[in-house]
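Keep the structure open beside you as you read.

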Number of protein chains: 2
Amino acid sequence: MKKTLREVAKAAGVSVTTASTVLSGRVDLYRAATVHRVLKAAEELEYRPNLLAKALVQQRARTLGLVVERHQGLLSRNPYIIPIMDGILDYLIPREYSLVLISLQESSEETMSQRVFNSSIDAGIVVAPLEDSPLLQWHAHSPLPVVFVGCMSQETDAGACVDVDNEAGMRSLVEWLYAQGHREFGFMGGSQKQWSARLRKQSFLNVLLDYGIPARQEWMVEGDYTYDAGFWAGEQLLSASRLPSVVVVSNDLMAVSFMELCRAKGIVVPDQLSVTGFDGIDLGQHTSPTLTTVSQPLHEIGHIAAEWLLKGIDSGERVHGRKLLAPRLEIRESARVIQ
Amino acid sequence: MKKTLREVAKAAGVSVTTASTVLSGRVDLYRAATVHRVLKAAEELEYRPNLLAKALVQQRARTLGLVVERHQGLLSRNPYIIPIMDGILDYLIPREYSLVLISLQESSEETMSQRVFNSSIDAGIVVAPLEDSPLLQWHAHSPLPVVFVGCMSQETDAGACVDVDNEAGMRSLVEWLYAQGHREFGFMGGSQKQWSARLRKQSFLNVLLDYGIPARQEWMVEGDYTYDAGFWAGEQLLSASRLPSVVVVSNDLMAVSFMELCRAKGIVVPDQLSVTGFDGIDLGQHTSPTLTTVSQPLHEIGHIAAEWLLKGIDSGERVHGRKLLAPRLEIRESARVIQ
DNA sequence: GTGAAAGCGCTAACAG
DNA sequence: CTGTTAGCGCTTTCAC
């Protein structure tokens, strides 16, 4: 059924070594006639190399693992992962690497070891783990290269992370809002276990501080980045004695549901209340009003993560470094000028 | 560094065979003491089996491939794939199978063989290939089990497909529109190379026929399921001498951009024109107006495809059969009653 | 109950 | 230039 190298070698009348070498492209080592016989035999037999065997002997699976925790629900509920996947794949495909999806239902150390380090991957990309995730202790469990996306690894300098510059993004957004005349800021954050949520909140507060604007407690609420959170955290915020002029929401998904809540309550966005998001997911372009937000170069993040890992795999050197990519302020309809 | 079975065996003072057998769970074959020694050694050495080696010897990689063509662009542009992936993963994870993503930039027979059959998968799930895709000739190239999603395989009875019942879905939608008083139907189809697009269009026409409503040519346009197509195919439709009362769009993505086009042109949906979609992607719930559509049980489709394949792999029998899942009519805001 | 031996399909020294 | 030899780490008859 499935043809092996040995059969090709036999058909070509050469040794397995010769067949292997020729088929791996080092063609100049052999006589043209030999090369030709091998190539022809392989062609005729429709030979397909067994990558498993190759991986075993070379100790290299040519496969990366994309590890996502599912505390936030399914992939469908984490729309920002998809463009990252595209970026990874675009880099991997021409280099003949594969991507396996590792989705952790619960991320105990146990499951992590089982599912992540048992899988035959050469390296991993970990997306947005929570602060207490065992995934952050990756290197304590495995020598495999890893790049963290959407967070900074705890480890002093051993880790590698690529992320959007959350601080710069939040700053540019708030400064822009200030320039539009906003002076009363509400904020809906994400779980403080989420690295990006902490940074965004901190940065928001810093900018307010710079402007000498006090952060009013009843306008500060905390959700968990999920669609549902926009509603329940939103309810809390809207119950304040008075509304701010703008609510800065820490991610797009919550911003979208928060806008829906506003509509349901008869609060017109942006006329009565401005709302902004963060991430730049596609959805924000289709809501009404469209969402003013800070967009992440997600495709590029995936690309860079993959690039670093392949380099690390090839060189055998540890992958480390931190790269913060520039965010882009997307000015759309959900935030308005205050006279 | 990485511990092997041999080291475990040595540490436990048993043979590799014994260690292998014990660790594979057939514990009753050995003396309790032996079992215990092996287990303890494995634990202490933090032994992780090399799945590559296991796969090689068992001729089973415990991996499924999700194959998508990229004629429609990146994954980010095919939002319906994500819930399918979730469905597959939910089935695979507890069964210790992995999922690798195979995204074909161009699907010549060449790349298909290279990328699909070269990858170490035990079976494949092919999502919505075009009519002329070599992927449909899967069995001519490989004995591996495959399930087609979102299309029927050409092969007489050899193939396996799971899909939403496009005909029933379209019928229920059009019948509902008729019941709302609509008599003038426009239609924006997908590429006729796409199986689902053909079915949906045919079914649409059939229902009109049943009602004795003529299909007016200037109200029939064809896009290609992409976001952009909603605009260009939409332009064409809106240039008709007169507008229908409703435009039935063949997928949600085009319906969304078509609604945006209408808004840009000052045509109020649904007051001046009703619009409906098909697929039930999340986006449709967040547009304004929200999109009336026919939703597919995508998670279930993924689940069933994975289930069939694992059964096929285990039994060694060819996977075949066709399963059409019931669609659900989602009545939202974009289509209205005609007095 | 347990172990020796063979081999999955391939690559990589090392001879010749 | 080409072939022989030795494994990669594991499972699996088949003896003992």
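Between chain B and chain A there are 6 residue pairs in polar contact, with both residues of each pair at pLDDT 80 or more. A polar contact here is a pair of N or O atoms within 3.5 Å; within protein, one must be able to donate a hydrogen and the other to accept it, and residues adjacent in sequence count only if both atoms are side-chain atoms. Which parts of chain B supply at least two residues each to the side that touches chain A? They are α4 (51-58), α5 (81-92), β2 (98-104), α6 (109-117) and α11 (252-264); helices (H or I, at least four residues) and strands (E, at least two) are DSSP runs, numbered from the N terminus. The largest share, 6 residues, comes from α5(B). Sorted by class, that side of chain B has 23 nonpolar, 13 polar and 10 charged residues, where Ala, Val, Leu, Ile, Met, Phe, Trp, Tyr, Cys and Pro count as nonpolar, Asp, Glu, Lys and Arg as charged, and the others, Gly among them, as polar.

A word on the ground rules: this is a predicted model, in which local features need pLDDT of at least 70 and side-chain atom pairs count only at pLDDT 80 or more, while totals for chains, interfaces and linings use all residues. Residues are numbered from 1 along each chain as its sequence is written, chains are lettered from A and ligands numbered from 1 in the order in which they are written, and side-chain values use heavy atoms, with hydrogens and water left out.

Back to the interface. Chain B and chain A each put 46 residues into the contact (heavy atoms within 4.5 Å). Together they bury about 4000 Å², 59% of it on carbon and sulfur atoms; that is the accessible area (1.4 Å probe) that two parts lose on being put together, summed over both.

Now find β2 in both chains. Strand β2 (residues 98-104) of chain A runs antiparallel to β2(B), and 3 bridges join them (strands pair if DSSP finds at least two bridges between them). A:L99, for one, has B:L101 as its bridge partner.

How do the copies relate? A rotation of 180° with 0.1 Å of shift along its axis superposes chain B on chain A, RMSD 0.1 Å, using least squares on the C-alpha atoms of residues with pLDDT of at least 70 in both. The two copies are therefore related as by a two-fold rotation axis. Both use the same surface, as 100% of the contact residues of chain B recur in chain A. Within chain B, B:V100 comes closest to the axis, at 2.1 Å (C-alpha).

Last, the backbone. The peptide bond from B:V269 to B:P270 is cis, with omega near 5°, and B:P270 sits in the loop between α11 and β9 (274-276) of chain B.
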